[in-house]
Amino acid sequence: MISKAVIKYVRSLELKKNRLREGLFVAEGPKVVGDIGMATAPTMIIATAEWLTKHPDAREKWPRAELLEASETELSKVSLMQHPQQIVGVFGMFDQEDSEPCGRLPNTELCLALDDIQDPGNLGTIIRVADWFGIGHIFCSKDTADMYNPKVVQATMGSIARVRLRYTDLKQLIGALPPNTPVYGTTLNGHDIYDEDLQPRGLIVMGNEGKGISPEIRKMVSRRLLIPNYPIGRQTAESLNVAIATAIVCAEFRRRKTL
């Protein structure tokens with residue numbers, strides 16, 4: 001039986017101020033918990049008897065974790081999701097200091113920069129997209145959604161364990177890059193991405209859902225890109241969702257790399 005204190009403790013981590021105070025975040029579901037658990041050991045695991053039966057090595061795998069069995073009803077009280085998925089894990093936040101500024105990364109490195117992305121679902125999907133396309137570093141403006149928001153963690157589907165995020169001053173970051181580093185950004189007055197020369201290194205800036213890239217960061221973009229609609233001239237949606245746009249841009253960069 002799970003105590004009320006445990007339920008209260010785990011659910012308190014839904015709030016950013018509590019996550020920061022404890023240095024912990026919550027992940028749920030076999031896939032997400034499993035992937036994160038390969039990168040960092042949990043401090044607590046709350047799981048159903050079914051999950052524990054399928055994973056008899058859990059205690060040996062995570063010897064320092066508090067391992068608690070819960071019924072489906074108890075799990076629903078602990079879970080931050082509408083539909084709990086057998087397991088809830090509490091993890092320590094990743095060390096962000098091991099991610100060096102983009103300018104110090106190898107010349108072949110391609111990085112993402114997120115300028116005030118607000119929606120947790122978008123941020124989580126972008127992290128997942130970056131993981132898929134082999135982009136290991138994302139630099140976020142300080143007003144970008146919290147990477148440890150439960151909705152972000154779940155949307156990454158475990159990719160948060162493989163992609164390093166760092167919250168920083170993007171203006172300062174871009175200003176410190178070597179002069180020859182390409183800084184790409186998607187804008188409505190950009191050049192057709194399918195006609196542009198794309199390098200396998202540099203920084204790709206993606207902007208806020210409603211406002212796009214902020215004016216001060218836009219001035220620092222050296223290569224403006226446009227994802228064209230088809231057929232050109234036909235009335236279409238006003239814009240693309242930023243996570244979808246990120247996927248299209250990353251796919252084109254990687255496609256060029258293999259040509």
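Here are some friendly notes on this predicted model, point by point.

1. First, some ground rules. The model is predicted, with residues numbered from 1 along each chain as its sequence is written, and side-chain values use heavy atoms, leaving out hydrogens and water. Local features need pLDDT of at least 70, and side-chain atom pairs count only at pLDDT 80 or more, while totals for chains, interfaces and linings use all residues.

2. Four strands make an open sheet in the order 1-4-2-3, with mixed pairing. Helices (H or I, at least four residues) and strands (E, at least two) are DSSP runs numbered from the N terminus, and two strands pair if DSSP finds at least two bridges between them. Strand 1 (24–28) and strand 3 (66–69) stand at the edges with a single partner strand each, so one side of each has no neighbour in the sheet. From one strand to the next, the twist averages 15°. Axes here are lines fitted to C-alpha atoms (for helices, over the stretch in contact), and angles run from 0 to 180 degrees between N-to-C directions.

3. Strand 2 (residues 42–47) and strand 3 run parallel and are joined by four bridges. I45 has L67 in strand 3 as its bridge partner.

4. Next, see how the domains meet. In domain 1, 14 residues are in contact with 11 residues of domain 2, where contact means heavy atoms within 4.5 Å. The area buried between the domains is about 1000 Å², and carbon and sulfur atoms give 65% of that. Buried area is the accessible area (1.4 Å probe) that two parts lose on being put together, summed over both. R19, F25 and V32 supply 39% of the area domain 1 buries against domain 2, more than any other three residues.

5. Finally, the charged links. Two salt bridges are counted between domain 1 and domain 2, each a side-chain nitrogen of Lys or Arg within 4 Å of a carboxyl oxygen of Asp or Glu. D35 forms a salt bridge with R162, their closest N and O atoms being 3.4 Å apart. On the side of domain 1 that touches domain 2, helix 3 gives the largest share, five residues.
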